[in-house]
Amino acid sequence: MDKVVTISDVAQAAGVSKATVSYVLSNDKRISKQTAEKVRRTINDLGYTVNHAARALSTKKSNVLGIVSPTHHGVYLSSFFGLHIYLLSEYATRSGYDSMFIGSDDGCDAMRKAAASHKVDGFILMDVCDNDPRMTTAKEIGIPTVVFGSPISSFGLDTVDSDFRSEAARCMQCMAADNHQEVILYSWSKSIFEKRMGFALRFRDQITQSAKDLGIILHIYSPDNDESDPAGELLHALHLYPHATAMIIHNESASIIAPQAFSARGIQIPDDLYVISVFPKQMQWSVLASFAFIQTDIDQLAQKIVSTLVARIQDPDAPITKSLLDFTLQQKSANSTDAVV
């Protein structure tokens with residue numbers, strides 16, 4: 001039977017104390033880079049693995065990150081939501097944490113219960129809206145929390161999201177450079193705006209301002225709800241605004257359906273209609289069309305969210321951070337040659 005490698009074995013082989021090995025496993029900033037690298041090499045050489053349960057007992061921490069989200073996301077949003085959860089869980093694991101999905105329409109109550117029972121060391125809040133009560137609950141509880149979203153105020157919590165304002169402005173600058181005078185923004189559903197979801201509000205507000213500054217006529221089209229048929233809604237938008245020469249799609253479900261919907265009506269992209277889609281980089285294989293893309297990188301976002309939360313857990317008194325990741329605009333031609341804008 002193979003001998004189980006312990007933290008004492010690692011410490012002896014690396015020539016350091018057990019406490020130093022523990023600090024390295026926790027990414028403690030007090031350990032020098034040189035010492036941390038030596039300990040990690042020893043861990044790899046010996047094949048040491050962290051016993052999360054034992055570690056939790058010794059540190060009085062759960063080593064679990066709680067991912068808090070409403071339970072319902074609509075038919076078309078479920079696959080994207082699953083990708084977010086998968087990547088957040090993967091980066092939690094890489095950082096030495098397990099993850100626990102807290103799916104509850106009453107997120108505040110679920111957060112209080114999880115914190116009171118010491119089930120988690122911190123929270124990641126998803127689907128955040130302006131004045132989201134979960135943010136004030138996190139502040140009241142006093143538990144490390146990262147907001148994944150773009151609320152008007154984060155109530156003193158760390159935030160991570162795409163830089164929707166910069167991306168919206170870049171879309172309109174591209175339209176102006178290509179001499180488009182009338183543009184349709186196919187946005188998120190009216191229900192999303194009624195919920196005051198920051199990602200939709202910040203993008204719409206900036207694109208409206210940029211269109212005004214550039215002298216471009218902008219038509220904003222929002223389906224009634226998340227369950228609306230994107231194909232019919234896209235064609236209806238074109239019917240309402242027949243003089244528009246370009247469309248910006250800030251709606252992931254519509255981006256998936258758009259190529260087939262346009263093709264069925266004989267609309268050639270980009271000759272008949274120039275299209276920019278804000279769409280996850282990891283899912284662009286599903287959109288086989290000559291669209292231009294703002295390539296949202298969910299992997300990069302997930303990594304930043306987890307690293308921000310882990311840093312907050314390790315140093316609760318560090319300055320609050322706001323990280324907005326600005327993704328590039330990729331011009332995709334019919335022969336699949338991409339150019340970064």
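**Figure 1. Q268 in a loop of the predicted model.** In this predicted model, Q268 lies in the loop that runs between helix α12, residues 252-264, and strand β9, residues 274-280. With a relative accessibility of 47%, Q268 counts as partly exposed, because the exposed class is kept for values over 50% and the buried class for values under 20%. The view also takes in A289, which stands 21 residues from Q268 along the chain, and the C-alpha atoms of Q268 and A289 are separated by 9.8 Å.

**Figure 2. Helix α1 and its two sides.** Helix α1 spans residues 7-14, and in this helix V10, A11 and A14 are buried. When one looks down the axis of α1, the buried residues fall within an arc of 100°, and so they line one face of the helix. On the face turned away from this buried side, α1 carries Q12 and A13, both of which are exposed. The buried residues of α1 pack against two other helices, namely α2, residues 18-25, and α3, residues 33-46. After α1 comes G15, a residue whose phi is positive, near 75°.

**Figure 3. Helix α7 and the elements it packs against.** In helix α7, which covers residues 133-141, the residues R134, M135, T137 and A138 are buried. Around the axis of α7 these residues cover an arc of only 160°, which means that they sit on the same side of the helix. Which elements meet the buried residues of α7? They pack against the strands β1 (64-69), β3 (122-125) and β4 (145-148), and also against the helix α6 (107-116).

**Figure 4. The whole chain, as a setting for the close-up views.** The secondary structure of the chain comes to 13 helices and 13 strands, and α1 with residues 7-14 and α7 with residues 133-141 are among the helices. Of the 341 residues in the chain, 52% are buried.

Terms used:
Residues are numbered from 1 along each chain as its sequence is written. This is a predicted model: local features need pLDDT of at least 70, side-chain atom pairs count only at pLDDT 80 or more; totals for chains, interfaces and linings use all residues. Side-chain values use heavy atoms; hydrogens and water are left out. Helices (H or I, at least four residues) and strands (E, at least two) are DSSP runs, numbered from the N terminus. Buried means under 20% relative accessible area, exposed over 50%, partly exposed in between (1.4 Å probe, protein chains only). The arc is that of the directions from the helix axis to the C-beta atoms. Contact means heavy atoms within 4.5 Å.
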